[in-house]
Amino acid sequence: MPIRTRRTSLSLLSFALALSLAPLAQAADAQAPEGPRALPGSLPLLPAPAHLEQLPGAGYTVTASTPLHAQGDAAQRVAGLFATQLKNSGGPALVVSSARGKDGIRLVLDTTLKTGTEGYQLRSDARGVTVQAATEAGLFYGAATLSQLLTSGTPGTVPALKIDDAPRFSWRGLMLDSARHFQSLDEIKRVLDAMAEQKLNTFHWHLTDDQGWRMEIKRYPKLTEVGSCRLPAGEGGRDPATGAERPYCGFYTQDQIREVIAYAAARHIQVIPEIDVPGHATAAIAAYPELGTIDTPLKPISEWGVFPNLFNTEESTFEFLENVLEEVIELFPAKYVHVGGDEAVKDQWEASARVQARMKEVGAGNENEMQAHLIKRLEKYLEQHDRRLIGWDEILEGGLPPEATVMSWRGIEGGLKAASEGHDVVMSPVTDMYMDYLQTNSENEPPGRPLSTPLGRVYGFEPVPDALARDKQQHILGLQANMFTEHTRSYARLQHNLFPRLAAVAETGWSPRERRDFADFLARLPTQLQRWQAMGIAYAQTPFEVEADVTDDRKAGTATLALRTPLNYEIRYSVDGSPVTAQSPRYTAPLTQPLPVGVQAATFFDGKALAKAASRFDITAQSLLTRNDEHLDLCPAEGKLLLRLEDDGPADGPRAVFNVNIFNPCWYWQNANVDDIGKVRVRAGNIPYYFQLAHDEPQRRFEKARSAHGEMDILSGQCDGKPLATVPLPAKPGADGFITLEAALPRSLKGTQNLCVRFTGDTRPTMWVLDELTLLPR
């Protein structure tokens, strides 16, 4: 479907997230800060050091002629990376010297120091700066701190200070899903650079899933020949010129994987591979059908959700998985191998007589125990090859060998249980650590999952539960952000999702619990934004935009705008068309203006604008009669799964985005003023329905169609009862992918009403989505 035209103004009303996870969203909102506030003695460093003391006396200014001393291979390696990072962050270009020197910058590796495996010391005065550590990793992190010092405050100047620093957790990670959408080597290296700059040390690489197998396995070439390609849904899977199929493909050769591992290792980042079993296996079974439990041929497809396809339980399949792991172990030097274990719906196992027989053969009392048998088998294999197994928290079900490590994603409960039983744990709960969820309520957010996970919520996550016994707390290895990519089909969108939230993850993983302060973090963040700009990182603009809640008095011809920004930075605005600057009026109270009105607003910190462009709100009497789906709620009812979905076309470039509850396609205009309104006009689009929901599928609620192709119903109140108006739906949309329908309202309808637009009938494999709702005067 061609992209629709959007108004240039931003949100007129809050885009309310109607979720089954609504309490979590409310908790996130409750964490909104009072505003940025620097702590005494704080410097704009991210993550915050464990101990920092500013000293009396002059600091040291670094220029391109400043000597950078480093002796020995390890220190020289760190110095070279430091010089590159400093230059890329906007600092001066330095030349590494192996000569001894007491002035300038000195990077010293001293194995007698008691700084730990990743800690360091930094000292600066008028003569120079010295960074020293007992390990190369520690020296690298000290140099990263120095790079930030030289690109903050007065650029090139380090104040007199001393820092003694070391991380709180040993696992500070990011998971990147390359199975759903594929990233180039250059893009992955840029992510690794950004991780290193923030002292993150674990890159969890999600390489296999239902939608694609991305890792070359030489013993099984069909895994990539067949499993690395799928056909995108709808127009996205067709060549726009010829109409021919245009598959989406991509995989990493083993040489490319070695290149990524070496690049990460130079930056002291371990790369953890993930090979998913027994679920998320469609791509592998498509390549080798004998691995599955059903006779139906499979292929990787562009649908999202939970698929029913599992590896079977035959000995030959276990041997296949061990053979795959043999090549994985040969490639990846990291201690851990991730085997997935999540969302393995057991329906096919339950229905398979052979699987049931196999369960009896191995002594598994139920399907969970059968999965546990597989996990234990793989754990034993990995242990024999000096590796440790890690998996999502479902691997706890049915029993788990003591050496296995648990990654807790369904909340913290799995991690709490695992740590209490003596297992090591990495905390990565969906409620706080999923970077594919929306950051704000802005209509400028890209497609994503339903839960809103704002920066404050990410920062507020505490990896060690208070309920965990003190003698078990050492089992919490750390935390990890997870970046699944169903909706992330471009690198620009990936950057939007990761930044600035990844900085909050980094500080939680590195800084002492008592050192973390969100208001202080917000005061340090603007300097980090400048570094990211210098590094070419396109961080999300939405947390720094201005949003508006608008109320209108139609009779008086006025509109009142209540401005806000997600992070409570200072807002400046103009109403006369002039550009917004640090000298523009500061927003303190709602603005009431005669129609038409054009308001521009922007966020500032220390006199600098935080977003690339000011937000603009253009409101007319006519625009107040129209709302698109961004400005409507989802109807109040049970069974909600709100998604921010992307259209299927055009094949390349930007696409329309729709907010829709796929369990109940119904939109809600709360307190609509219908005085003198005779009709409603609805513009609706038609997009592919590309979800598999397994046991959640029965929660879908379709109002039964009453005609051949269903209806568009207009309702009031709580979106139930007899419709106010009904219009039959056509068999298919127009050539542009849209339809426009009008429905007459009863003349008796007056005052403010809750108006609902509902599409009836199960129209899969496509679905109707609301684009725009307009009130038409009599």
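Okay, some ground rules. The model is predicted, so to speak of local features we need a pLDDT of at least 70, side-chain atom pairs count only at pLDDT 80 or more, and totals for chains, interfaces and linings use all residues. Residues are numbered from 1 along each chain as its sequence is written, and side-chain values use heavy atoms, with hydrogens and water left out.

Let's start with strand 18, residues 336-340. Strands here are DSSP runs of E, at least two residues, and they're numbered from the N terminus. How many of the residues in strand 18 are buried? It's 5 of the 5, so the strand is largely enclosed by the rest of the structure. Buried, by the way, means under 20% relative accessible area, exposed is over 50%, and partly exposed sits in between, with a 1.4 Å probe and protein chains only. Both faces are covered: Tyr336, His338 and Gly340 on one side, Val337 and Val339 on the other.

And who are the neighbours? Two strands pair if DSSP finds at least two bridges between them. Strand 16, residues 270-277, runs parallel to strand 18 and is joined to it by 2 bridges; Glu274 stands opposite His338. Strand 19, residues 388-392, is also parallel to strand 18, over 3 bridges, and there Leu389 is the bridge partner of Val337.

Now, the disulfides. A disulfide is a covalent bond between the sulfur atoms of two cysteines, and the cut-off here is a pair of sulfur atoms within 2.5 Å. The structure holds 3.

Cys229 and Cys249 have their sulfurs 2.0 Å apart. The torsion about that S-S bond is about 120 degrees, so this one is right-handed. Cys229 is in strand 14 and Cys249 in strand 15, so the pair ties together parts 20 residues apart in sequence. Cys229 is partly exposed at 25% relative accessibility, and Cys249 is partly exposed at 37%.

Next, Cys635 and Cys666, again with sulfurs 2.0 Å apart. This link is left-handed, with -65 degrees about the S-S bond. Cys635 lies in the loop between strand 33 and strand 34, and Cys666 in strand 36, so parts 31 residues apart get tied together. Cys635 is buried at 1%, and Cys666 is buried at 2%.

Finally, Cys719 is joined to Cys756, a left-handed link at -75 degrees. These two are 37 residues apart, and both are buried.

So what's the pairing, with the bonded cysteines numbered in sequence order? It goes 1-2, 3-4, 5-6.

Notes
Helix = DSSP H or I, 4+ residues; strand = E, 2+ residues; numbered from the N terminus.
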